[in-house]
Amino acid sequence: MTCEELLKALNEYVDGTLDLTQADCERFAAHLSGCNPCQIVVDNIRGTIQLFRAGVPFPLPAEFQSRLQGALRERWREKFGASA
Ligand SMILES: [Zn+2]
């Protein structure tokens, strides 16, 4: 999986046109384990989610980010667990 593929898949997932399987998530995790830029992207998303859940105000003007946050929040918990 390339960075482009990962980001495209994330985007499609958020759009509801792609349903992530366990295998997809494993490919994501495998890519993330060796790709710092993508780790940063995902960490930012997760950080945003954590802030959101904690009720801390934060700037989130982009509709994409808002949708991503909502969609990933639950799935992330399902697929990767609530730790880290
Ligand atoms: Zn990458």
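This passage walks through the fold, the confidence and a few individual residues of a predicted model.

Some ground rules come before the details. Local features are described only where pLDDT is at least 70, and side-chain atom pairs count only at pLDDT 80 or more, while totals for chains, interfaces and linings use all residues. Residues are numbered from 1 along each chain as its sequence is written.

The overall picture is helical: the protein has four helices and zero strands. Both kinds of element are DSSP runs numbered from the N terminus, with H or I over at least four residues making a helix and E over at least two making a strand. Along the sequence, this reads as α-α-α-α.

Confidence is given as pLDDT, the predictor's own score for each residue from 0 to 100. The protein averages 71, and 63% of the residues score at least 70. Helix 3 (residues 36-54) comes out lowest, with a mean of 68, whereas helix 2 is highest at 84. Where pLDDT is low, the predicted coordinates should not be read in detail.

Helix 2 itself (residues 22-34) passes a simple length check. Its 13 residues should span 18 Å at 1.5 Å a residue, and its end C-alpha atoms are 19 Å apart, so the two agree. The expected span is 1.5 Å times one less than the number of residues. This helix is hardly covered, with one buried residue among the 13.

Over in helix 1 (residues 3-15) sits Glu-5, which is exposed because it has 12 other C-beta atoms within 10 Å. Its C-alpha is 9.6 Å from that of Phe-28, a residue 23 positions away in sequence.

Helix 4 (residues 63-80) holds Arg-67, and Arg-75 lies in helix 4 too. Arg-67 counts as partly exposed because it has 14 C-beta neighbours inside 10 Å; Arg-75 also has 14 such neighbours and is therefore partly exposed. Arg-75 and Leu-20 are 55 residues apart in sequence, with their C-alpha atoms 9.0 Å apart.

Lys-79 is another residue of helix 4, and with 16 other C-beta atoms within 10 Å it is partly exposed. Leu-20 turns up again here: its C-alpha is 9.3 Å from that of Lys-79, across 59 residues of sequence. Setting aside neighbours within four places in sequence, Lys-79 is in contact with Leu-20 and Cys-25.

Terms used: A residue is buried if 20 or more other C-beta atoms lie within 10 Å of its own, exposed if 12 or fewer, and partly exposed in between; C-beta atoms are placed from the backbone. Two residues are in contact if their C-beta atoms, placed from the backbone, lie within 7 Å.
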